[in-house]
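I opened a new notebook page for this model. My plan was to go from the whole chain down to single residues.

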Amino acid sequence: MISRRELLKGGAFVVSFSILGPLEKAFGQATAHIDPYGNPDYLDPRNLDSWVAVREDGTVIVQTGKVDLGTGIETALAQIAADELDVPFDRIRMQMGDTAKTVDEGRTAGSNTIQAAGQHLRQATAVARVELLKMASTRLDVPVERLTVKDGIVSDTADPTKSVSYMALVGGKKFNITMPVTGQQGGLQIAPAVKPKKYTDYKVVGTSVPRVDLPRKLTAAYPYIADVRVPGMLHGRVIRPATTLSKPRVDENSVANIKGLVKVVQDGTFVGVVAQTEWAAIQAARNLKVTWAAPSSPLPASPAVVDQYLTNTKSFTDNGPMPKGDTAAALAKAARTFEATYRWAFQNHAMMLPSVAIADVQPDKVTIWTGAQGPFTTRDRISDMLGLAKRNVIVNWVEHSGCYGRLTSDDAAEDAVLLSRAVGKPVRVQWSRQDEFIWEPKGPQQLMNVRVGTDAQGKMIAWEYAGRTFPWTEAQGTPQLGERQIGQKNTAPYPASPTGAGAVAQMYEIPNQKVTAAYIPWPQDDPTPLRTNPLRSPGEPAGWFASETMVDEVAAAHRVDAYQFRLRHLTNDQRASELLQATAKQAAWKERPSPSPDAENAKATGRGIALIARGPTLVCAIADVEVDRGSGIVTVKKMTMGHDCGLIINPDGLKFQIEANVMHGVSRALMEEVKWDANGIKTVDWKTYPVITFNKVPDVDVVLINRPERASSGSGEPGIVPMFAAIGNAIFDAVGVRLREGPFTPQRVKAALQSKTTATTARL
Amino acid sequence: MAQISLKVNGMTRVVDTDPTTPLLYVLRNDLDQHGPRFGCGLAQCGACTVIVDGNAVRSCTIPVSTMGNKNIQTLDGLGTVEKPHPLQAAFIEEQAAQCGYCMNGILMTAKVLLDKNPNPTDADIKRALDPVLCRCGSHLRVIRAIKRAARTLQARA
């Protein structure tokens, strides 16, 4: 068996073949069975008191293990509970994410909070309402059938003077009710026999209730994780290099003169400083002289080397939907065939607030404050790391800045634990901006090859999509940086169904389809700054970029309007077809083939369309862009976004989600790119990793399709998925040149204009 | 360490600190201000913005020793949940924040803009706010909210 290191000789990746060995296991997901029922490490999901409490003042506490990542989901969940309980919305208080106070409902990820936790809370509050009616029936001596509830007051429909409030019934007391519950985490099924309200009876759901958190957030009265202060707390910083971790040599004398320095901490290859003040900690971290040994596996020399590696390395697993028909035969007999390879670059999450956490490590108990997406995951990792029972690790969740997937890996919590353990006091760790940009796990580079065959009438009859990328190396349950630095190895096997950049199906009626995503093992065992992590709708914006760009290429080759071409392939999909038509109408789409007749203008304008499905949610995006041929600068003038996610809980909140996805999408489509070479990461701050700013934002026009008869599906991520394709297709429409790699920076656009296309393997 | 006297939101406060400490850490850790926030420590993102003698200043890089006798305003002193400043009220009305972490920089920069230009155009607002980063994508609502606040303030004037 060939070792990874042999493959990496000379500092560059060497093309390899199948080498499944222990290193591949280094980033598997821990799949330890969680049995939360009657387990002292978990609140029992069968216990109604784990979900709902009526306080003595009549406010209702609703508890969820999900967290708010800055999207306002707290408000939407409270709307669901208010309707189910018939309690005024402003009397609901959400308790989110604390491991000792909430049920483990899995990480807040995958745009599934409304889908999963919304349903859990709907059922639990429906059970609570049933119980409250029973109690009222006894108290008032009125049969349940005659009772009605308004604003938390139960009354007799025959004699409204007979009434009792929820507060009087259980205020400050427990329900002590056990519900039938099966499953775990996001898959919990709560009291399925209890029927919640019908959507036609909703009063709060479906309305644009203002966000409950904003008044405090806008007046400096809202505590973010960065604001948490613990008595006796010290300040810590961690020191890491800009490249793959290696052995440090630390010169403690280099910081001997810093007043307030408490300790230089070394533990394995982990290096940190603890000080009495934050400024002393910052200075100590800056001045501490650390010499890092040459890493055993340096970073690949360039993105091109990663491309080669992705292309030529055998995957450890492939996934994708069931194939349809016989794609190879259909391609062979097709009237015309098309093939192109698309590529997307490594990108950052780039949170506004770099990672931060506080830990207080006592001999038999650890308390942590974090903004992580999976407080229970953090708890379990720390309990493994320290050999403590899970229930003796208390994780308190406090909101971080928006994170877009970044907080799946909770490195800062481990850093804080290691420093607190070393000094025996609570320690707050704040990563620097540079730490964050170098060491955040990134959205991985992706390659996508697409082949299409059309018949003599120009209809697509064969579709073959093959994506190649890295899985999440920092997935749920893997040791993070700190743990690895103190010597912990991961023994979890590779996941059978990894995520990271899933196979991207397409929406159209094509009889022969083969869609696969190949997961390529990362070739280094040491923690690397190019480790990866789910980035908003993992892999899908780039996957659909390939898919929806190819559809556009085929339409243009047949001189058919891009919208019309899509519509012709959607004769049986009513939802997709309606969304496409509604969005095109809103954007006043004029049917004509691309490119635009004015494509030779120095300042060329164009429009592009893309249609995607993410789970049950459908999104259609239409981009209007301007391309400056001289500078290569692309300006997105306007995005028209059609969105169908079933029942809408909060229309304005949903609209905002879509606007937010547009801004993130424009930023990632046009300017965001991690730069590195064999010596390390080069994008280390906001100057070297620019993101969208006020001068560059497009107008946004949103078309919402509400389908109250359908269950709500996610909206936190789907909006970004069509963005790259819509913008790239609009650039083609504007200048007649196809961009097959992104982001669409001025350099790439200029190069494409000069060479007429950026693709290396196109055979159009 | 040195005794440094600061005027924050109209009140004089004395802190005992290393005079090279950037103002941000003194405001947050010694004076219990939660408005100015750490985002980059490089004066690149604007999350730490405070108003010093009427100008928007990035508190994460400016040493506290340079602040003597200057009037420092923070978001903490602008308004409260019960009595928001018209800017804050307009942001709430327009639902103009997602995670809200960048909002300190946006509100303080907008305050300086409106103090100097009570009736800004969209282009004026974009130019003034361009150096302040918002990662969640609240930009369009922020622009609307600032215009709304301008109308309220002008109606009062």
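The entries below follow the order in which I looked things up.

**Entry 1: confidence.** I began by noting that this is a predicted model. I then checked the pLDDT of chain A, and the average is 91. I also noted that 92% of the residues score at least 70. Residues 1-31 of chain A have a pLDDT below 50. That stretch still has 81 contacts in the model beyond near neighbours in sequence. Residues 758-764 of chain A are also below 50, and there I found 19 such contacts.

**Entry 2: overall build of chain A.** I listed the secondary structure and got 18 helices and 29 strands. How compact is chain A for 764 residues? Its radius of gyration is 27 Å, close to the 27 Å from the globule rule, so chain A is as compact as a globular protein of that length. Along the principal axes, the C-alpha atoms fill a box of roughly 80 × 75 × 50 Å. I looked up burial next: 64% of the 764 residues count as buried. I then took the contacts between residues at least 6 apart in sequence, and 78% of them join residues at least 24 apart. The accessible surface of chain A comes to about 26,900 Å². Carbon and sulfur atoms hold 51% of that surface.

**Entry 3: helix 18 of chain A.** I wanted to know which residues of helix 18 of chain A are buried. They are R748(A), V749(A), A752(A) and L753(A). I then looked at what covers the buried residues. The cover includes strand 15 (336-344), strand 24 (617-628) and strand 25 (634-644) of chain A. Helix 17 (723-735) and strand 29 (741-742) are also among the covering elements. On the face turned away from the buried side I found the exposed residues Q747(A) and Q754(A).

**Entry 4: Q747(A).** I placed Q747(A) in helix 18, which runs over residues 746-755. Its relative accessible area is 56%, so Q747(A) counts as exposed.

**Entry 5: R433(A).** I found R433(A) in helix 11 (residues 433-439) of chain A. Is R433(A) buried or exposed? It counts as buried, at 0% relative accessibility. What does R433(A) touch, leaving out residues up to four places away in sequence? In chain A the partners are M351(A), M352(A), L353(A), P354(A), V684(A), D685(A) and W686(A). In chain B they are F38(B), G39(B), C40(B) and L42(B). From R433(A) to A304(A) I noted 129 residues in sequence and 27 Å in space, C-alpha to C-alpha.

**Entry 6: cysteines.** How many disulfides does the structure hold over all chains? The count is zero. I checked C620(A): its sulfur is 15 Å from the closest cysteine sulfur, in C645(A), which is too far for a bond. C620(A) is buried at 0% relative accessibility. I turned to C45(B), which is in no disulfide either. The nearest cysteine sulfur, that of C40(B), is 3.9 Å away, and the cut-off is within 2.5 Å. C45(B) counts as buried, at 2% relative accessibility.

Conventions: Residues are numbered from 1 along each chain as its sequence is written. Chains are lettered from A and ligands numbered from 1 in the order in which they are written. This is a predicted model: local features need pLDDT of at least 70, side-chain atom pairs count only at pLDDT 80 or more; totals for chains, interfaces and linings use all residues. Side-chain values use heavy atoms; hydrogens and water are left out. Buried means under 20% relative accessible area, exposed over 50%, partly exposed in between (1.4 Å probe, protein chains only). Helices (H or I, at least four residues) and strands (E, at least two) are DSSP runs, numbered from the N terminus. pLDDT is the predictor's confidence in each residue, from 0 to 100. Contact means heavy atoms within 4.5 Å. The radius of gyration is taken over C-alpha atoms; the globule rule is 2.2 Å times the number of residues to the power 0.38. Accessible areas come from the Shrake-Rupley method with a 1.4 Å probe; for residues, only the protein chains shown count as cover.
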